Amino acid sequence: MREFDLVIPKSLPDALDALAANDVIVQPLAGGTDMIVNIRARVAQPNVLVSLNDIAELREIRRDNGTIVVGGGARIADFLKHPLLIENAEIARQAAFHFANPMIRNLATAAGNLASASPAGDMSPPLLALGAEVALASKAGTRTLPLDQFFISVRKTARRPDEIISALRWQVPPQHTGHAFYKMGLRAADAISVISVAVVIERAGDTIREARLALGAVAPRPMRAYQAEALLNSQKFTDAIVQEAARLASEECSPIDDLRGTASYRRRMVKVYVARMLRQAWERAK
Amino acid sequence: MNLKIVTLQVNGRTHQVALAPNVTLLYALRDLGYTDVKNGCEKGDCGACTVMLGDKIINSCLMLAWLAEDKPILTVAGLGTAEHPHPLQQAFVDFGAAQCGYCIPGMILSAKGLLDEHPQPSDEEIREAISGNLCRCTGYIRAFEAIRAAAEQIALQGDGQRVMHPLPGAMEEEPANVIPQDDSRGVIE
Amino acid sequence: MSIQIEQPNVAQLPELRQVGKPLPRIDAMGKVIGTTKYAGDYVMPNMLHAKVLRSNYPSAKILRVDVSKARALSGVACVLTADDLPGDAMATDIPGVTGTAKRAGTDAPILAKDRVRFMGEAIALIAAESLDFAERAADLIQVEYEPYPAVFDPLEAMQPGAPIVTASAFPGEEPDNIVSRWRIRKGDVEAGMRAAEVIVERTYRMPFIDHAYLEPEAGLAWVDENDVLNIRVSTQVVEHFRSIAAALKIPQNKVHTMGAMVGGGFGGKEDMNVELFLGLLALKTRRPVRLIYSREESIVAHSKRHPFIITHRTGVTRNGRITASIVKMVADSGAYVYLSPYVLLYAVATAVGPYRIHHVNVDGVAVATNNTFTSAMRGFGAAQSCVAYEQHMDEIAKELQIEPRELRRINYLKTGDTTVTGQPIQSAVWLEESQQRAWEALGERTPESEHMKIGRGIASYIQSYGRITWFHDTSQAWVGVEMDGSVVVRCGVPDIGGGQMNTLAQIAAEVLGVPLNEIAVYGTDSALTPLAGTTTATRQMYMSGNATYQAAGSVRKTLLDRAAQYFETEPDELDLANSTVFVKSDPSQSLPLKQLITVCAAEGLPRSNLSLFKAPFTEKLDPETGQGNLFPDYTFGTHAIECAVDMETGEVKILKSVGAHDVGRAINSAAVAGQIEGGSAMGIGYALMEDVQIVNGITRAATLAEYLIPTASDIPETRAIILESGSGMGPFGAKGIGEPSLTPVAPAIANAVADAIGARVDSLPLTPEKVLAAIDRAKL
C-alpha cells in the first residue's frame, strides 16, 4: 500500500489543526472501511491521514431536547444497538441492518458513509428521509447543512478538505411516523445496492401530514424525491396517490447503466419499491 | 518512512513491533506469526481476516495497525486449543463445518461476536452474523448447525469447556438404500 | 462385457465399522484452532517478496519493456522479462488431444514477449526485500503498447477474417481461432427427426465464472543445497514438477513441489499458477521467494469457467419419447488453450444428459478470444452441458404439456444402458430413485402471496468420476503400521478441502481396524510421497482410495496371516477392530495390534505396502463418431429446488434445495453431505448472481464486492440425500460426488424460476432484471 503518515489526535481541536495543514493532501480517517480500500486501489492518495478514531467527543450519541445528535465517530453498529437510535432512527436502523456485514458495521461510521458520497451509500437515503443535517467543523468554526445540500455529485460533497463531519442531527420523529427502507442487492447480504428506497411518513388519521422519500443508486448523488413528496404532503393516503407518487419518483431520478443493472430497470424498481415502501411506512405509522 | 514502536496485545501476549503507518492490522498480525488470520481480499468483502478488537469483530485488513495499539486482540488461535477448544471450535469439528478451512477462523470469530451479544440467537441472526464471512466450500449449513449447538452448549455450561457433541446424525445423512424399483438394480460384475 | 444385475439391498453391503460414518475429520481441529498452514503462511529466512507486472490491455503489441529504473531501485533483488527466460513458453495444447498433431502457436508464454492476448497477462517479474519495494518497482517499469486487433465474441472469432488470437494452426493449414472440436455421431438423426412428432429448438448461454476460492494463489520457492528447486504452492497438482522442469530447462528430479492445505481449488488451481514465476525468481536470486496474489490479481490472472452457447434441437414423440437430438456447442476458450479441449470433450460427451437417445449428433467447438483464458472448474464442461440439457427437458415438457418429471422418467438411462459414446455403464443408474427422493423432500408447497409466485424445478445429470480412460490414470499409496500400532498413509494427494486425506485415513482405518485418530496421512509432496495424481476430475476417493485400500489390504493380510498362526486358525476366521486382532467366533481370543506388529517386526515381515491402482485403460474415441469408452464410471442424481419469484421486480429467492445423489457408498457421510450442501450453494451462485462480466476483454467484476458469491443469508433450507447403490468403482462401492453435487443445481433453479414465471431466461445468471424481462415477454 502507498505510503502515508498517520496522526491520531485525542481531541477535536487537535484533529482540526491537523486537517488545516495545506502543504500536503490531508484526509480524515473515520472507520477506514472505504478509505483503506481506496488507498489500496489508488483512488485516494493522501499524504497524511488524520484518524478520528480516538476522539471521544465524536462518539457521543445524545438527545438534545427534540433533536437527536450523533457524533461523527458513531459507528453503523450504534444504529443497531444504541437505545436512543433504536427508538429515534428506525429507518436508519433498518438500513444499518443491511449495511455491508457485521465486521464492517463495527468499524464504519455513518458520517464516513455520508462523506464518501457514493450514490449507493447505504446510510444516505435513510438519513435524508429523516431530514438530517450535518455539522461540519473546521478551525474556522462549525457550519450546518441539510444533508441534501451536502451531496453534490458522485463522491463529491460540500465538505472542504479542512472540515470533518462532527455530528449528524435530526428531529425526533413525531408520533404516528412510519419508516420503511428497502435495499435491492444482487444477493441477500453484503451487497452494493441496485437501488434503495427510504420512506418516512408522518400520519394524521387518513391524511399524510408529511412524507419524505429518499432514493439511493439512482442518481449521481443520493436524492430526495421532492416532486413525489410534494404530491403526497397533506393528501389523503390512497392507492392512486401512491401510484402517482411512485411514478413521479421514478421520473425524477436519473439512474445510469452499470454492472448491477440498467437505468431503465432501476427506474422501474424505484416505481415498484416507492409504492411498496409508502404502503409499509403508512401501515407502520398507525 | 515514519516507523513507530506499536504495542499489540494479541491472544494475551504483548508484542512491541516497529510499524509504518500504512501497515494494516492484518499484515502486522501475520508478520508476527498469527497466520490463522487469513488474507482473502484485503477490502472487507470476504471476512477471512476477521479478528476481535476489544469486544468487537472487525476486518483486520481495514484497520491500520497503529489504531489497534493497546487494545486486546483475539484471533481464533487465542480462542482455544486442541486440548481445550472453545465450544464453537468443538462444534465446528463435530458438525464437519470446515472443508478447506480458510474461512473458518474468521467465521468462528464472527460467531463468537454474535454469541457474546446474543447468547440465544435466532436462525436468522446466525445467518446474518456470518454473512460477511464468505465460504465457497460448505454452503454454510454445518456452520449454522455448529453455531446453534455451541450456543446451547454455552448456555448450559459456559464457554471454555470441552464438550463432545453427539455425531450429527440429525443432519440428514441418509445412509440407507432407497427401496429399489423395477429398473434400478445395483451391483455389477 | 457381461453385466450381472442384482437386487441391491442394505444387507448386501458389508457391515462397516468406520466407513460410512460421519466421523469428525482428522484435519478438522487444526482448521478451527488456526494451526492449519496454507501455502501463503510459510516464510523462510532471507525471503524475497515477488510481484507480477501484468498487461493493462486485452490485446496489444508490446513495443518495449523498460525495467532499468525498477532494477536500479534499492530494495529490488531481481526483475525479469521474457528476454531473461531460459525457455519462453509452457505447453497448454496437448498433442493428440486437439487433433492428431499439435496446433502451432498455442502455447502460453510464461511472460509475454511481443504481444499480450488478454488483460492481466504477465509481462515482468519482480523480487524485492519487501512487498512495498516490489510494488514501487512495478510502478517504475515502463511498457509501451500498441493496440492490436482483438476479438471477444467466440461466434465472431469463428468468422472468416476475424483477428487471429494465437495464430493456431495444424501444419499446412491456415491459422484460425478454433482451439478444439469434438463430435458425436450416433444412429441416424435424420431418421430420428422424421420419427418425431414435435421438434423443440432452444439456445442456452452461460457466463464466465470465477472459482472464488477463499485462498488466493500463493507459493514459496527456494533452491536448496542439492540444487533442487523446492516450491511450496497452493495447488491441486504436485505433478506439475515435470512441466516446471520442462519450462525452466532443468532436470525433473531437481524440482520438488509440495503443497499445503489448499484453501479451495474447484479446478482453479489445476493449472499452474505461481510455480514458474517463483521458480524463475528463486533460480535467479538463489534466495527464497514468496508470491501471493491479491484477490484482484487472482480474478484477472487465473482461469475461468468456460462460457458456453449451447443449442439443442430435439425430436420427440407426442407421448414424450425423444427420438433424436442435435446439439451444437460453442465454448469461449479465451486467449490460451489450457484445458479447453478436455472441458469441451466433457461437455460434448454429456451433451444429451442422462437420457437414452438412439440418434444423436453433437458438434462442439472451443474458440480462442482475447478474453481471460478458460480452463477447469468443478463440473468441467459437464456442468455447462447440464445447464442446457436440463433446461431443455423442461422446455420440451412444456411444449408437450407433459410433467417435466414424467418426461425425464420416460427417457432416463437405466441400469445396464450405454452412454451416448457407446460406453456400457458399469454401475447402477439410480436416476428415478434420486428424482423421487429429491422431489418428495421438497415437502409441502410454499403458499404464494401477493406478487410472489412459487416455482419448482428439478435437474438430473450424468457426470463422470475419474479421468478420461485413455489418459491411463494411476495412483499410488503406501500404508504402514508403526511399532506402537499407529498407522501411516503416504500418498501424494493434495487435499483441497473435500477431505481427500481424511477419506484415505477412514479407508485405512476400516481395513486395519484402528481408530481414525490413530492414522496419520502424509500427502501432497512430489518427491517424498508416492505420486497419486491430480486432485481433479472427482478422482481421489476413487483412485487414491483404491490404492490405499489395496495397500492397507496387503498389510492386513500380513497381519492376519501371522495372527492366524498365533491363534492356530485360518486368517478368514480373524478380524481387526479397535487396534486389536480377534477371533470372530470368539472375540475374547484377541491380541493387541501393537503386540502383533512387534512380532511381525521381529520376524522381518513387511509392515507396509506400496500399492498402485490403475483405472481402466482404453483407446481414444473414434474421431469421426465420438464412439468409445471415455470414463471409468459415472455418478447420477437429481437436484430439486423450490423458489419464490417477485413478479414485479424479478427478484428470486431460493426456498428449498435438495440434492439426492447415488454415491455408491459414502466413505464419510458428513463429508458427502458437505459436498452436496457446498455444491448447492455454488450452484445458487451460478444460477443467480455470478458473472465475471468480461466486457471487451476487461474484467468488470474484479473484486468480491462485484463478483458476488452466495453469503450465509442466501442459503435456503438445504437437504442432502445420500443414496447408496454400492455399485461404484471406488473402495466399498463408492462413487465420486465432488463435482456431481454442483452439476444439476443451476439448471434446477432455472427450471424452478421458469415454472414460477411461465417463461424462460435463456442465459445465466438469472438476475432480477433478466427475470423481469422474461415475465414481461410472457405477458405479451
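Ser727(C) sits in the loop between β32 (717-723) and α17 (745-757) of chain C. Helices (H or I, at least four residues) and strands (E, at least two) are DSSP runs, numbered from the N terminus. This is a predicted model, in which local features need pLDDT of at least 70, side-chain atom pairs count only at pLDDT 80 or more, and totals for chains, interfaces and linings use all residues. Residues are numbered from 1 along each chain as its sequence is written, chains are lettered from A and ligands numbered from 1 in the order in which they are written, and side-chain values use heavy atoms, with hydrogens and water left out.

Stay with Ser727(C) for a moment. Is this residue buried or exposed? Ser727(C) counts as buried because its relative accessibility is 8%. Buried means under 20% relative accessible area, exposed over 50%, and partly exposed in between (1.4 Å probe, protein chains only). The side chain of Ser727(C) has two polar partners to look at. The backbone nitrogen of Ala428(C) is reached at 2.9 Å. The side chain of Ser725(C) makes a polar contact with that of Ser727(C) at 2.7 Å. A polar contact is a pair of N or O atoms within 3.5 Å; within protein, one must be able to donate a hydrogen and the other to accept it, and residues adjacent in sequence count only if both atoms are side-chain atoms.

Now turn to chain B. Chain B has five helices and five strands. Their order from the N terminus is β-β-α-β-β-β-α-α-α-α. Of its 189 residues, 65% count as buried. Contact means heavy atoms within 4.5 Å. Among the contacts in chain B with a separation of 6 or more, 57% join residues 24 or more positions apart. The average pLDDT of chain B is 87, and 84% of the residues score at least 70. pLDDT is the predictor's confidence in each residue, from 0 to 100. Residues 161-189 of chain B stay under 50, and for this stretch the model has 94 contacts beyond four places in sequence.

Chain B touches chain C. Here 86 residues of chain C are in contact with 66 residues of chain B. The two chains bury about 6300 Å² between them, 56% of it on carbon and sulfur atoms. Buried area is the accessible area (1.4 Å probe) that two parts lose on being put together, summed over both. Four salt bridges are counted between chain C and chain B. A salt bridge is a side-chain nitrogen of Lys or Arg within 4 Å of a carboxyl oxygen of Asp or Glu. Arg136(B) and Glu690(C) meet in a salt bridge through their side chains (2.6 Å, N to O). The count of residue pairs in polar contact between chain C and chain B is 22 (both at pLDDT 80 or more). Several elements of chain C supply at least two residues each to the side that touches chain B, including α1 (28-33), α12 (431-441), α16 (669-688) and β32. The largest share comes from α16(C), with nine residues.

Chain B also meets chain A. In this interface, 32 residues of chain B are in contact with 30 residues of chain A. About 2500 Å² is buried between them, 63% of it on carbon and sulfur atoms. Leu62(B), Leu67(B) and Glu128(B) supply 24% of the area that chain B buries against chain A, more than any other three residues. Three salt bridges are counted between chain B and chain A. The side chains of Lys81(A) and Glu117(B) form a salt bridge (2.9 Å, N to O).

Back in chain C, look at the salt bridges within the chain. Arg202(C) and Glu395(C) pair through their side chains (2.6 Å, N to O). Arg202(C) lies in strand β10 of chain C and Glu395(C) in helix α10 (residues 382-400) of chain C, so the pair ties together parts that are 193 residues apart in sequence. Arg202(C) is partly exposed at 26% relative accessibility, whereas Glu395(C) is buried at 8%. Glu642(C) forms a salt bridge with Lys656(C), with the closest N and O atoms 3.8 Å apart. Both Glu642(C) and Lys656(C) are buried.
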